[in-house]
Amino acid sequence: MKILFSVFVSVIICASLLRAQEFTTSPYITIPGNNSQIDVVTNSFFSYSGASYICWLNQDGNVYTVYLKQTSPDTSKTIAVYSDTNQIENPKIDFVNLYYPTRVRIVWQNYINNHWQILSREFVNDTLSNIVSMTDSLNDNITPALNYQILAWIQNGKLLIRYLDSTKTGIITLDSIGCSNPDLSKDWGTTITYEKGVTGSKEIYTAYYSNYPTPEWSFEKISGGGNNINPRYGPLSGYGSPAYQSYSNGVWKIISPLLPHDTSANINYNCENAVSFSYPVLTKRTGYYTPFFVVYDSDSLSQTNREIIFKTANWGGQYYDSTINLSNSAGDDYKPFISFYRTDTLYLAIFWTHNENGKQDIWMAKTIYNPDFGAVTDPSGSVNGFSLGQNYPNPFNPSTTISYSIPQRSYVTLKVYDMLGKEVSVLVNEEKNAGSYRIKFNGSTLSSGIYFYKLQAGNFTQTKKLILLK
């Protein structure tokens, strides 16, 4: 299975911190007309200065408009990307370059002259580029998916992709039978997850591209049988680990490879539209815990309206979970997305569509987000063991971040080696106080390939692999 999952093992935080989180919920976008079909993109994982955006579809009478708004840092601007009286569906957004997120690309499907087309536009320095046709003459439920590297869509049951790198041209057919509803990991450019099969008995598949040992696409069924639909990636839930829905005992439940078990076992209500997230922070408490959460919509309260549910879980010596109703409203709340929101303070934010009295708006629930080890307020927080985290991103080009922790003052060396064991970089070579650290490694002078990084601190030694792809 060519799926990189180990990045999550390095993400460690106390379970009690997640259980104590409090969210503030409020309407966020309420412009005239119906506002729905959200997509988000964020680059805030390791920096308070990272940017996040939201795009959505507005329908006001017979006018369809794709809108764009920056959420981190939040601005008062709401940008109309494209308007038409012809039907528009499925706006998607991502950065044009993952490593230099200074501009974003928005795509959407437009119905004109009895067929669909996919259009695209970029936004940079408060300016919109010219509109570009990505593909035309489509007659299927094409449901496009986008990340910084690939555009994917469905045509007559075929999963098609187009590389957005100008050096790679043409349309590629990845799978030719029974495909539907693709999604792309936004943190990993060559992982696509999609449905395959006939209605009522679909399975979830992942297509994954690797240069090692030879350049090729690999395919794997990741669902376990039955009827499985709606795979969705969230921030830092990439590397072949989407959440999806599985139909069992008359209800939809949620499956996520990030959680110890499905999040809705032994229930008699529906849980749908799940998306997951992993905290990119390194903190140690009593025991080792890797926290994740999923957010989904459910009719669990009354089975007459839908609510947005936040559910946490933690890998470790024990299993903890908690459930929070984020929306708690009289209307229907559905299809949440996870991103960031920042004014003077950085927040983890959940966005979703709220439908009440025939009006659709976008709501937000936010909680303070603090990825710094030293800022955890619980007095029990302390580093109690040596650890070396998996670098992120991995693969990378040209820079990646490596995290490590030491429980006591130690002389620390952190070095990078090539496949032959030759030392290519010394990242740390000094005495360090107890604590958690992150350091950037820049591989711009190195060739693409597999490398190893080794931490030595006192009697502790650990080595992990990283992959440079140019």
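Guide: Buried means under 20% relative accessible area. Keep that cut-off at hand as we look around this predicted model.

Visitor: Happy to! Is tyrosine 404 buried or exposed?

Guide: Tyrosine 404 is buried, as its relative accessible area is 1%. Tyrosine 437, at 22%, is partly exposed.

Visitor: How should I read a pair of aromatic rings?

Guide: Such a pair is described by two quantities, the distance of the centres and the angle of the planes. There are 17 aromatic pairs in this structure. One of them joins tyrosine 404 and tyrosine 437, which are stacked at 5.3 Å centre to centre with 20 degrees between the planes.

Visitor: Which parts does that pair tie together?

Guide: Tyrosine 404 belongs to strand S30 (residues 399–406) and tyrosine 437 to strand S33 (residues 435–442), so the contact links parts 33 residues apart in sequence. For a group of rings, look at Phe23, Phe277, Phe293, Phe310 and Phe340, which form one aromatic cluster.

Visitor: Where do charged side chains sit over rings?

Guide: The charged end of arginine 232 is placed over the ring of phenylalanine 337, 4.5 Å from its centre. Lysine 366 lies over the face of tyrosine 347, and here the ring centre is at 5.1 Å.

Visitor: And strands? What is the general idea there?

Guide: In a regular strand, side chains alternate between the two faces of the sheet. Now take strand S2 (residues 34–42): seven of its nine residues are buried, so S2 is largely enclosed by the rest of the structure.

Visitor: Which strand pairs with S2, and in what sense?

Guide: Strand S3 (residues 52–60) does, in the antiparallel sense, over seven bridges. Threonine 42 stands opposite serine 52 in S3.

Definitions and conventions. Residues numbered from 1 in each chain as written. Predicted model: local features only at pLDDT ≥ 70, side-chain atom pairs only at ≥ 80, totals over all residues. Heavy atoms only, no water. Phe/Tyr/Trp six-rings, centres within 6.5 Å; stacked < 30°, edge-to-face > 60°. Helix = DSSP H or I, 4+ residues; strand = E, 2+ residues; numbered from the N terminus. Buried < 20%, exposed > 50% of the residue type's maximum accessible area, 1.4 Å probe, protein only. Lys NZ or Arg CZ within 6 Å of the ring centre and 35° of its normal. Pairing = 2+ DSSP bridges.
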